[in-house]
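Okay, thanks for having me. Have a look at the structure on the screen, and I'll walk you through the parts I picked out.

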Amino acid sequence: MRDCSSPFGAARTLWLLLLVSLSVCISVCRATSSREEDSAMENIVTEKKAEESHRQDSADLLIFIMLLTLTILTIWLFKHRRFRFLHETGLAMIYGLIVGVILRYGIHVPRDISNVTMSCHVNASPATLLVNVSGKFYEYTLKGEISANEVNDVQDNEMLRKVTFDPEVFFNILLPPIIFHAGYSLKRRHFFRNMGSILAYAFLGTVISCFIIGLLMYGCVMLMKQMGQLGGDFFFTDCLFFGAIVSATDPVTVLAIFNELQVDVDLYALLFGESVLNDAVAVVLSSSIVAYQPQGDNSHTFEVMAMLKSFGIFLGVFSGSFALGVATGVVTALISFFTKLRDFQLLETALFFLMSWSTFLLAEACGFTGVVAVLFCGITQAHYTFNNLSPESQDRTKQLFELLNFLAENFIFSYMGLTLFTFQNHVFNPMFIIGAFIAVFLGRAANIYPLSFLLNLGRRNKIRSNFQHMMMFAGLRGAMTFALSIRDTATYARQMMFSTTLLVVFFTVWICGGGTTQMLSCQRIRVGVDSDQDNSMSIAEGSERRSTKQESAWLFRIWYNFDHNYLKPILTHSGPPLTATLPPCCGPLARFLTSPQAYENECQLKDDDSDLILTDGDINLTYGDITVSTDASGAHTSSGPAFAGAATSDDLDRELAYGDHELVMRGTRLVLPMDDSEPPFPDPRHGLRM
């Protein structure tokens, strides 16, 4: 027997150990290689899915771009042929409908449910689901419920979901430029002339319309429940919510035709002002209704304290949003006032754009309403910051927001048509739809006619009956109504409201918007009104502007005096120097806050005004309370004290008459007799030089 301790035995033992170690290494390497191959295959599959998803998203966006392109080309054809029976918003909806039909019924993706688990027992439908598969955790996000007969169409449903945007896209991206443009392009002269009536229609009228529609729809819902046609819960608060969202009017079609036909400026101002403000009121009103929470188990009973709390929330949210929007506009004005950003026009425009857009997001992040904040931010920017911008930035900001407004509105209306066929959870109930149309009509009538009667009791310039009929007819529903209804479609009631809202928008845009020209002719409302007549310096128009002053001054004369003497000199390069309006004890502070341009222009006005050369027509140079008038013959006249401590009636008159056509040159307001529809910038080819 050989000794294992011999050299030969030790060598054999060493070889055995080496063989065992090698076999173990080979096994480990094979297992590792297998796992690496599986991981590599998973990475390849994931990359392919990500690439396919990216291509699908690009194709979906391309569909909307092509829709907008086709809409623009068709708009050009309609304008070239002078067709007015269909506005671009109606065209965008038609093209969206066509594409929706094609996506829904014309394109079919092969079914693939081989890797779908048909049963998973959970107690609720979680928004996020973590699944443990062979030791690996996977996260799944809830996309929505589908019916049992659609299980085999999983791929088709996925394709339709791709073209259904997140509702937050509308609120955070598409709505801000639309609302801001409405405030930024507001014509102050006609707005203040009818401000009392506009506020009555926008605030009181929207609340009346909301409750009329809510009560009528609640009766309709009770009738549906008695007849067994209701497939889910539908409470009174849901009816009020529906009344709030469909009370937001959007007469973009009517106003475009009004502007093209030059309809009476007061009628235009009433419709435009109401639509601008009632959007904001409808948003806050709907959020207040959602916040209605009575104490106890039954959250849908009437309780006085809960109603008062909702009313307090309405006032708090609206006032907070208003203050936030104005504050952001004032901050932007101060930045542009105390810095030299106007020397770098691109940076100036970029800052203006970002500050304006951030107002909406800041309000939403603080729990307020971005629509109200960005609306009053636009009004504040137009009143103060616009005067501090360089001429290039003034042109650029107006054109930029006008372009964004046009694209966003047409995108939303195209998406409305598309959503009619691509949305997965439509609930169309004929009785609810008929009741909604009747309630919307009666709610609009309860808004316009009673309030017009009450307003005419105190108005010198009465709202005539044909104006009232036109306002009743022009109560279209549009982008805001759609955005509010699509924001929450989780319950049966909200799904029914969304589907019905789509039909209401389609009907009002196509029928009411398309019949605007015929309605104007039927009501004998004058068209082709040259608004230059309102700017002429004739005796007749002077009396009209005095009437305007008497009608509107009682609402804002105190505000105007404070703004003219203190806010404008602090926030802009125009207005009288603070050294003339503040008490003598505030001299150092006044000298610090007064713009150097104000002193420069004060010296220019005191020294000589003969270097204002005119070649065509009359022109007025207005600075503070000084008015230097020059006619075609070259004669100069001046009136008013050098710098009065308080604004006079003539200042208010000029502010109303020419507030929309101020050209700020080094702190001096150059007033040109322009038409409201023209941009407030003179043609550089004219023979005007300073």
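This is a predicted model: local features need pLDDT of at least 70, side-chain atom pairs count only at pLDDT 80 or more; totals for chains, interfaces and linings use all residues.

So, the lining of the largest cavity: by class that's 5 nonpolar, 3 polar and 1 charged residues. By name, the lining residues are T332, I335, S336, L341, E348, L351, F352, T385 and L389. The elements that each put two or more residues into that lining are α10 (304-338) and α11 (345-365). And how much space lies in the largest cavity? About 50 Å³. If you search the whole structure, you get 7 cavities of 30 Å³ or more. As a reminder of the idea behind this, rolling a probe the size of a water molecule over the atoms shows where empty space is left.

Quick overview, then. The chain has 23 helices and 7 strands. It runs to 690 residues, and 47% of them count as buried. Now take the contacts between residues at least 6 apart in sequence: 77% of those join residues at least 24 apart.

On to the packing. The largest nonpolar core has 122 residues, and the ones touching the most other members are M217, F234, F258 and F482. Which helix gives the most to this core? That's α9, residues 265-290, with 13 residues. Skipping anything up to four places away in sequence, F258 touches V263, L267, Y268, L271, M470, T516 and L520.

M470 turns up again in helix α15, residues 465-473, where the buried residues are N466, F467, Q468, M470, M471 and M472. What covers them? Among the elements doing that are α6 (195-226), α8 (252-261), α9, α14 (430-456) and α18 (516-522).

Next, one asparagine I wanted to show you. N410 is in helix α13, residues 391-422. Is N410 buried or exposed? With a relative accessibility of 3%, N410 counts as buried, because the cut-off for buried is under 20%. Apart from neighbours within four places in sequence, N410 is in contact with L68, T71, I75, E88, T89 and A92. There's also F64: N410 and F64 are 346 residues apart in sequence, yet 10.0 Å apart in space, C-alpha to C-alpha.

For contrast, let's go to the strands. β1 (residues 128-133) and β2 pair in the antiparallel sense, over 6 bridges. One of the pairings to look at is L130, whose bridge partner in β2 is E139. The hairpin has 2 residues between the strands, and S134 there takes a positive phi near 55°.

Last stop is another positive phi. R524 isn't a glycine, but its phi is near 55°. You'll find R524 in the loop between α18 and α19 (539-571). R524 has 75% relative accessibility, so this residue counts as exposed, the threshold for that being over 50%.

That's my tour, and I'm happy to go back to any of these spots.

Methods. Residues are numbered from 1 along each chain as its sequence is written. Side-chain values use heavy atoms; hydrogens and water are left out. Two strands pair if DSSP finds at least two bridges between them. Helices (H or I, at least four residues) and strands (E, at least two) are DSSP runs, numbered from the N terminus. A nonpolar core is a set of buried Ala, Val, Leu, Ile, Met, Phe, Trp, Tyr and Cys residues joined through side-chain atoms within 4.5 Å. Buried means under 20% relative accessible area, exposed over 50%, partly exposed in between (1.4 Å probe, protein chains only). Contact means heavy atoms within 4.5 Å. On a 1 Å grid over the protein atoms alone, a cavity is a set of points where a 1.4 Å probe fits but cannot get out, and a pocket is an open set with protein on both sides within 12 Å along at least five of seven lines; lining residues have an atom within 4 Å of a point. Grid points are joined across faces, edges and corners, and a volume is the space filled by probe spheres set on the points. Ala, Val, Leu, Ile, Met, Phe, Trp, Tyr, Cys and Pro count as nonpolar, Asp, Glu, Lys and Arg as charged, and the others, Gly among them, as polar.
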